[in-house]
Amino acid sequence: MAWPCWPALPAMERTTVLITGCSSGIGLGLAARLAADSARRFKVYATMRDLAKGERLLERLGGRCPDTLELLQLDVTDPCSLAAAAQQVQGQRLDVLVCNAGVGLMGPLETCSDQAMKTLFDVNLFGAVRTIQAFLPAMKSRRAGRIIVSSSIGGVQGLPFNAVYCASKFAVEGLCESLAIVLRPFNIHLTLVQCGPVHTSFQANLQRPDPEGSEMRGLDAETQGLYRRYLGHCQSIFRDAAQEVEEVLPVFLDAIGSPCPPLRCASTQLLAPLWRLRLSSPDGSAYVRAMHDFVFGGSEAGGDQP
C-alpha cells in the first residue's frame, strides 16, 4: 500500500524528535508510531548505524517515507557520525532526543572479554553521553526540550549473569540523575524509561557464551550449572512475561507528551516486589537472597541441579 501524500506542515507546528537505534525493536516501533501520527504532529529523525536497515521502518509505513520522517545515518560510537547527524538537523528545533541505541552482554563474568565489555560501555554509556553532548547545547540555548533515555530494570537492580550489562545501565542511571539536576533551570526534562524483557531482536543479538561451548570449559562446574539454570529461567520469563514493543511504546509517548514527565518510569512491574525489597532493606542482603531464590529456586547449592 502506498503512503498517501499530504501537504507538508510548517516545521514549527510539529514536535521534532530524533531517535537513535531505529533499525529494530523499540526505536523502530517508536519512530513508526510518531511518523504515522494521524494529526502529523511530529517530525521524526530516525537514526541508525546502517541505513540499509531502514527498509524495515519504511515497510511499517507502507513502503514509503512520509514527510513526517527522515532517515539519518548515526553511529553513537563514532563522534564524526554524530557530528554529521547534528549538522543535518542544525536549524531545526529539536524538541525531543530519544537515546535508544543499546547492546547486551550476558554470561559468567569470567567469560566476558575486555573487548566485549569495552564495546558494551562504548554503546550503552559513552554512546548516550556523546549523543546528549551533541544536541544538548541547542536545547540549553532555547531553554526547552526533553531527553528520553532507554534504560532497564537492570539499571536499578542487579541481575544474575548480567553484571557488565547492569553496570553499564547503572552508570546511565547515575549519569541521567546527575544531569537532570543541572538541566532543571533550563526547562529540559530528562526521563529514563526502565524496560524489562521485551520481544525484540535484542535478546537474540546479545553476546553470550554457549553453555556447552569452549568459553565455559575452564569455569567451575557449579557456576556452569547456575548459568544453565539461568538460561532456562530466561526462557520461561520471555515465554510468560515478556512484553511486546507496542505495550512499551505508551511509556515513551507519555514521556514525550507529558507537561512534566518523571525522571524514571517503568514499562513493567515484573520485578517490582524485588525492587521494593531493595529499597526497604538498604543493606542489600535481603535482595540478594530473594533474587537468588527467584531465579534459582531457593537452592544455595547451584551445581548441575535441574
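How many salt bridges does the count come to? I started my notebook with that one, and the count comes to eleven.

**Entry: confidence**

I reminded myself that this is a predicted model. I looked up the pLDDT before anything else here. The average for the protein is 90, and 93% of the residues score at least 70. Residues 1-12 are another matter, with pLDDT below 50. That stretch still has 23 contacts in the model beyond near neighbours in sequence. I also noted residues 300-306, where pLDDT stays under 50. For residues 300-306 the model has 17 contacts beyond four places in sequence.

**Entry: Arg-14 and Asp-67**

Back to the salt bridges. I looked up Arg-14 and found its side chain in a salt bridge with that of Asp-67, at 2.9 Å from N to O. Which parts does this pair tie together? Arg-14 sits in the segment before strand 1 (15-19), and Asp-67 is in the loop between helix 2 (54-60) and strand 3 (69-73), so the bridge joins parts 53 residues apart in sequence. Arg-14 has 5% relative accessibility and counts as buried. Asp-67 has a relative accessible area of 27%, which makes it partly exposed.

**Entry: Arg-33 and Glu-246**

My next stop was Arg-33, whose side chain meets that of Glu-246 in a salt bridge of 2.6 Å, N to O. How many residues apart in sequence are the parts that this pair ties together? They are 213 apart, because Arg-33 belongs to helix 1 (residues 25-35) and Glu-246 to helix 9 (residues 245-257). Both partners turned out to be partly exposed: I noted 32% relative accessible area for Arg-33 and 39% for Glu-246.

**Entry: helix 1 itself**

Is helix 1 largely enclosed or largely open? Nine of its eleven residues are buried, so the rest of the structure largely encloses helix 1. I jotted down some of the buried ones, including Ile-26, Leu-28, Leu-30 and Leu-34. Gly-27 and Gly-29 are among them too, as are Ala-31, Ala-32 and Ala-35.

**Entry: Asp-37 and Arg-41**

One more salt bridge got a line from me: Asp-37 pairs with Arg-41, and their closest N and O atoms are 2.8 Å apart. Is Asp-37 buried or exposed? It is buried, with a relative accessible area of 12%. I looked up Arg-41 as well, and at 46% relative accessibility Arg-41 counts as partly exposed.

**Entry: positive phi**

Last, I turned to the backbone. Arg-143 is not a glycine, yet its phi is positive, near 55°. I found Arg-143 in the loop between helix 5 (126-142) and strand 5 (145-152). Its relative accessibility is 45%, so I put Arg-143 down as partly exposed.

Where is Phe-161 found? I traced Phe-161 to the loop between strand 5 and helix 6 (163-183). Phe-161 also has a positive phi, about 60°, although it is not a glycine. Its relative accessible area is 14%, so Phe-161 went into my notes as buried.

Conventions: Residues are numbered from 1 along each chain as its sequence is written. This is a predicted model: local features need pLDDT of at least 70, side-chain atom pairs count only at pLDDT 80 or more; totals for chains, interfaces and linings use all residues. Side-chain values use heavy atoms; hydrogens and water are left out. pLDDT is the predictor's confidence in each residue, from 0 to 100. Contact means heavy atoms within 4.5 Å. A salt bridge is a side-chain nitrogen of Lys or Arg within 4 Å of a carboxyl oxygen of Asp or Glu. Helices (H or I, at least four residues) and strands (E, at least two) are DSSP runs, numbered from the N terminus. Buried means under 20% relative accessible area, exposed over 50%, partly exposed in between (1.4 Å probe, protein chains only).
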